[in-house]
Amino acid sequence: FDAVEIIATKRDGAALSPAQIAWVVDAYTRGVVADEQMSALAMAILLRGMDRAEISAWTTAMIDSGRRLDFSGLPRPAVDKHSTGGVGDKITLPLAPLVAACGLSVPQLSGRGLGHTGGTLDKLEAIPGWRAQLSNAEIEAQLREVGAVVCAPGDDLAPADRKLYALRDATGTVESIPLIASSIMSKKIAEGACGLVLDVKTGSGAFMKDLERSRELAETMVALGADAGLPTTAVLTDMDQPLGRTAGNALEVRESLEVLAGGGPSDVVELTVALAREMLELGGGGEADPAEALADGRAMDLWRRMIAAQGGDPEAALPTARHVEEVRATAPGAVTFEAYQVGVTAWRLGAGRARKEDAVQAAAGVELLVGPGEQVSAGQPIAALHTDTPERIPRAQEAFEAAVTVHATVDEARGVGPGSRI
Ligand code: URA
């Protein structure tokens, strides 16, 4: 095969054969196809699209670039959840121990934040001592002994995707349904779980801003799961407003602990319980009641064991920011917060990174002091901005001002609710 011929085929709008796809993905992983050639091909795919057979072949080629994990020998079925990412999406933190407390194994290979969205591993690293990097043997041992593990994927899990995702990030080729669907599903299929629940976000804080494209992404991923023999369901959920009241690493751990203690914001609790029910249905644990496991402390016990198994101290105080700046309402009315700008605010405060190698501040982020649609008076504190570096405050304030809308009436403030199962 020839890389230029493959690029030209896609550029002119024709479909690639499974053999062409297998060759180009493998040759790129080995460095035989150059970055500039793969960039051109990714752009051609973004502009021309791919049919289902091509997406399926592309996904298989990415899985075959590395090793597949196998959790079929575990005493309890392994079921996984993946969110396409958003602002304040800390759901994995309470969900993994909750589902394990209800009797399933939960291997949750997670990522780091880039840009305005947070990453689960960055959040958990706010806990003193907690370690993200585990060997495959350690993952399996923890699943047997504790039931849940949240950690970084090993270098041998879909290495083609790691290389391609970094390239797409630098070449404006992230926002392609075939490329996103194959990127996510190659990792999830290689992970070897026996069921997968996808939380596909739609709205300003999500990758996919409009509902139709989000639905298409969800359907594409569900079909890829079916092709690979991985039972997959998807829920479409709202990301026009942030999830819960916090965006930022230690702040989100704190909010997750509130949920595990039986409290916390209702949107976080509802989504956690709804996704737990989906996972239990897929894994054959349908009789367990996740709401009860949250209320009676079983999920919290499992969280403590899960954190301790990875070197974390579940009793240690979480880091707090050296500087906290309050934001007050400028007018009376019902306030709403736009997810994307809240994410940018947290990022500018130091919670996120601009480049992969940047460090994040554990304590930085946004804490909303009122719920979405809540009535406030002029001058009432509505948010607190947390950072260790106060020189970041003015630019963060600018983003936060863009996030806030004060509506004349509570009715006007009512946003899109969480979406439905597809
Ligand atoms: N998350 C992924 O893992 N891959 C994408 O392409 C987009 C989001």
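By class, the shell around the ligand consists of five nonpolar residues and one polar residue, with no charged residues among them. The model in which this shell is seen is a predicted one, and its protein chain is divided into domain 1 (3-49), domain 2 (79-309) and domain 3 (323-413). Between domain 1 and domain 3, the C-alpha centres are 42 Å apart.

**The shell around the ligand**

- The residues that surround the ligand are Y165, V174, L179, I180, S183 and I184.
- Helix 9, which covers residues 177-190, gives the most to this shell, contributing four residues.

**A158 and its loop**

- A158 is found in the loop that lies between strand 3 (148-151) and helix 8 (159-171).
- The phi angle of A158 is near 40°, which is a positive value in a residue other than glycine.
- A158 counts as buried because 29 other C-beta atoms lie within 10 Å, where the cut-off for a buried residue is 20 or more.

- Strand 1, made up of residues 79-83, is mostly covered, since five of its five residues are buried.
- In a regular strand the side chains alternate between the two faces of the sheet.
- Both faces of strand 1 are covered, with V79, K81 and S83 buried on one side and D80 and H82 buried on the other.
- Strand 1 pairs with strand 4 (residues 195-202) in the parallel sense, and five bridges link the two.
- Within this pairing, H82 stands opposite L198, a residue of strand 4.

- Strands of a sheet pair through backbone hydrogen bonds, and they may do so in either the parallel or the antiparallel sense.
- Three strands form an open sheet in the order 10-8-12, and their pairing is antiparallel.
- The edges of this sheet are strand 10 (375-376) and strand 12 (404-407), each of which pairs on one side only.
- Strand 8, covering residues 333-337, is joined to strand 12 by four bridges, and the two strands run antiparallel.
- F337 has V404, in strand 12, as its bridge partner.

Notes
Residues numbered from 1 in each chain as written. Predicted model: local features only at pLDDT ≥ 70, side-chain atom pairs only at ≥ 80, totals over all residues. Pairing = 2+ DSSP bridges. Domains from an automatic or database assignment. Buried ≥ 20, exposed ≤ 12 C-beta atoms within 10 Å, placed from the backbone. Near = placed C-beta within 6 Å. Nonpolar A, V, L, I, M, F, W, Y, C, P; charged D, E, K, R; others polar.
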